Amino acid sequence: MPPIVKVSSVSKSFQTPDGRTVDALKEVLLDIPAGRFTTLLGPSGCGKTTLLRLIGGFEEPDAGGIFIDGVLMEGVPAHKRPTNTVFQQYGLFPHMTVAQNVAYGLEVAKVPKPEIASRVAEALELVRLTGMDARKTAQLSGGQQQRVALARALVLRPRVLLLDEPMAALDRKLRKDMQVELKRLQHDLGIAFLCVTHDQEEALSMSDLVVVMNQGRVEQVGSPREIYDAPETEFVAGFVGEINIFRGSVSARNGDTRLRTDAGTLLELPVALADGPTAVCLRPEKLRLASAAPSLPRLTGWVRESIYLGTTTRLSVELADGDRVLTTLAGVFPVEGEDISLCYDPADLRVLKR
Ligand code: ATP
């Protein structure tokens, strides 16, 4: 299926009041698939919101183009695009009722009155606010206000729903509930959702596709699983979850390829690599006690720190050559200062682009 949104070599800069130029997006190339939940993930200032605003028509690119459903959007204002946006601050009209807020866009579009009534009822049902029509939005909780904002955007039947940090104003428990709810909505409606977040857990749990951004560029695009299990760069590896990164040089001897870290630890690599500097990563949970799998290569050291977390214990281990690794072990409680022997499967090591 062709992508619903195509971002083609888009660049965008801003001038700051003190005369500096900020390159918010640098030649971004990206396809957003139709009918899926895609998330733009990255640290503050990496360009996520700028990209969302360009797609929504609130800004124009300096270079490159945005195509929606195959049509170049240059010069097409926000309200004429097949997109709708739910902003961080929901922007509801406090003096209007829930139903009036949701109906507003349809009235502006001069949709006939009976159709407005049925579409508003349908949208409120979708976001589970049936029966709240007559309430003023100022009398609603944060979670309910967010549902009204969603209904107001969905009632216009966009091809793409744009969500800018939609959970930012909600407390932790409500965020979790709304993550499930948003995913359900997207699934039921079958339209593309494009959501901005800097919360990695939120991105992994909600999305079909995660776009990791860094300093105005797309760093990696993949399923949550690919992003977590197979990060391609140090940035992605370090940004999404905890990780051990080993930097050093490759040396191939007698058929097997090893990495010698700068401190001196030797690691068996899963693939043959050319000699030279490289970096590999390994998730903490992939390191196990050596006694669990005696045939696997080992890393020995001592426990610097041991933190009991309920179902697991999180250990910081200093290896013989001075490298430090993190591991999470289930059901064992090595104490600080104790010697420890860990093992890893070379297949779990990921070679990072440098
Ligand atoms: P956050 O998570 O903090 O919202 P973000 O990833 O969404 O960050 P953007 O808001 O897209 O990042 O900003 C990207 C860069 O462009 C930042 O350095 C920001 O300061 C700058 N920027 C964005 N909008 C403007 C503007 N209107 N004027 C000047 N600089 C801007």
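A: Across the boundary, 10 residues of domain 1 are in contact with 9 residues of domain 2; contact means heavy atoms within 4.5 Å. This is a predicted model, in which local features need pLDDT of at least 70 and side-chain atom pairs count only at pLDDT 80 or more, while totals for chains, interfaces and linings use all residues. Residues are numbered from 1 along each chain as its sequence is written, and side-chain values use heavy atoms, with hydrogens and water left out.

Domain 1 covers 5-238 and domain 2 covers 242-352. Those bounds come from an automatic or database domain assignment. The C-alpha centres of the two domains lie 39 Å apart.

Together the domains bury about 780 Å², 49% of it on carbon and sulfur atoms. Buried area is the accessible area (1.4 Å probe) that two parts lose on being put together, summed over both. On the side of domain 1, Tyr228, Glu234 and Ala237 lose the most area to domain 2, together 61% of what that side buries.

Arg247 forms a salt bridge with Glu234, and their closest N and O atoms are 2.9 Å apart. Helix H7 (224-229) and helix H8 (234-239) are the elements that give two or more residues to the side of domain 1 touching domain 2. Helices here are DSSP runs (H or I, at least four residues), numbered from the N terminus.

Methods. A salt bridge is a side-chain nitrogen of Lys or Arg within 4 Å of a carboxyl oxygen of Asp or Glu.
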